[in-house]
Amino acid sequence: MATSAIGPGFLTQTTVFTEKLMASFGFVILISIIIDIGAQMNIWRIIAVSEKRAQDIANDVLPGLGYFLAALIVAGGLAFNIGNIAGAGLGTNVLFGFNTKIGALLSGIIAVGIFLVREAGKAMDRFAQLMGFVMIALTVYVMFTAQPPVGEAAIKTFVPDQIDMLAIITLVGGTVGGYITFAGGHRLIDAGLKGKEALPEVTKSSVSAIGIASIMRIFLFLAALGVVAQGLALDPGNPAASVFRLAAGDVGYKIFGVVMWAAAVTSVVGCAYTSVSFIRTFHPALEKYHKWIIIGFITVSTLVFIFVGQPVKILVLVGSLNALILPIALGVMLVAAHRAKIVGDYKHPLWLTIFGIIIVIAMSCMGVYSLANGIPQLFK
């Protein structure tokens with residue numbers, strides 16, 4: 001889940017908002033972490049207790065709702081996986097000078113290879129863990145070379161000069177929005193971590209996953225802050241790359257290539273796995289051949305990027321729809337949490353329910369705003 005969250009968009013968003021808000025971006029990160037934890041704890045606990053995937057829980061709450069949720073997830077996942085493949089191609093271009101499309105093709109082949117091994121689930125987990133460690137370690141190195149004003153960042157995290165609501169919503173959507181929170185929730189089911197007896201471990205995992213993604217976000221924020229605090233201008237065409245280059249020279253630029261590639265490929269793997277997990281329970285054939293459907297999902301994403309490029313208008317629309325997935329999914333989970341036929345004799349904590357309701361209302365308002373602004377752009 002954590003490495004699915006850390007994708008090309010994650011790197012770009014963090015850098016852009018740091019340049020805009022400076023040290024006050026620390027406050028945005030803090031609030032988004034609180035919201036992320038509230039959303040993820042609710043969703044993962046209900047998935048674990050019900051021992052069902054989100055689409056099946058949604059169908060139990062309201063027949064047909066699970067199919068609607070699955071359609072949103074798969075459409076969003078396919079569109080954004082094209083962007084993830086593009087990010088992987090960019091990473092290989094920085095590292096080896098490959099043509100971006102050639103690099104994307106090779107990265108797609110590597111992602112497919114993970115699902116071709118016999119123990120695909122374990123291979124996916126180990127790959128994500130290794131790449132997550134590499135990303136964080138390299139970003140820490142760049143952060144130290146950037147020499148950020150840590151004291152100012154700490155103060156502004158609690159007493160910001162300005163509060164940017166859109167930045168908070170963007171970060172929440174990028175960490176637990178769309179398919180991302182289910183990358184972990186559904187993986188728990190497949191790994192056998194389910195039932196009330198597993199709740200302590202599920203709760204711990206839900207918080208630690210947010211923690212890992214947030215640690216990466218904080219280190220990248222401090223690296224970018226160190227650069228912009230010196231008055232250096234970031235390249236608007238690739239702001240994240242310019243942070244690494246300005247902080248650590250050509251070595252930093254190569255490090256960015258590694259980070260970008262690792263972030264992109266782990267997001268490709270997590271997105272494909274999770275998107276397919278939303279349809280595999282609808283028919284026995286889908287369950288039987290789900291591994292090959294995942295491979296097909298990655299293949300289609302790769303070929304679309306190579307032959308068509310990034311479908312910008314589709315990405316705009318799906319991005320707007322994606323903003324609505326979290327409140328829909330979380331809202332369904334909160335209803336399910338109080339249905340005995342779904343969760344049995346489990347009693348969902350009242351404070352978690354209230355926390356979840358607040359998140360649903362806030363994210364719904366911003367999701368509608370995002371959708372209203374996204375659709376008109378398609379017709380410009």
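Visitor: Where is the place of Ala 104?

Guide: Ala 104 sits in helix H6. Helices are DSSP runs of H or I with at least four residues, numbered from the N terminus. This is a predicted model, where local features need pLDDT of at least 70, side-chain atom pairs count only at pLDDT 80 or more, and totals for chains, interfaces and linings use all residues. Residues are numbered from 1 along each chain as its sequence is written, and side-chain values use heavy atoms, with hydrogens and water left out.

Visitor: Is Ala 104 buried or exposed?

Guide: Buried means under 20% relative accessible area, exposed over 50%, and partly exposed in between, with a 1.4 Å probe and protein chains only. Ala 104 has 0%, so this residue is buried.

Visitor: Which residues does Ala 104 touch?

Guide: Contact means heavy atoms within 4.5 Å. Leaving out residues up to four places away in sequence, Ala 104 touches Ile 85, Gly 89, Thr 92, Thr 302 and Phe 305.

Visitor: How do the axes of H5 and H6 cross?

Guide: Axes are lines fitted to C-alpha atoms, for helices over the stretch in contact, and angles run from 0 to 180 degrees between N-to-C directions. The axes of H5 (residues 65-96) and H6 (residues 100-116) come within 7 Å and cross at roughly 115 degrees. That makes H5 roughly perpendicular to H6, a word used for angles of 65 to 115 degrees. Residues making the contact include Ala 86 and Leu 90 of H5, and Gly 103 and Ser 107 of H6.

Key:
Helices (H or I, at least four residues) and strands (E, at least two) are DSSP runs, numbered from the N terminus. Angles under 35 degrees count as roughly parallel, over 145 as roughly antiparallel, 65 to 115 as roughly perpendicular and the rest as oblique.
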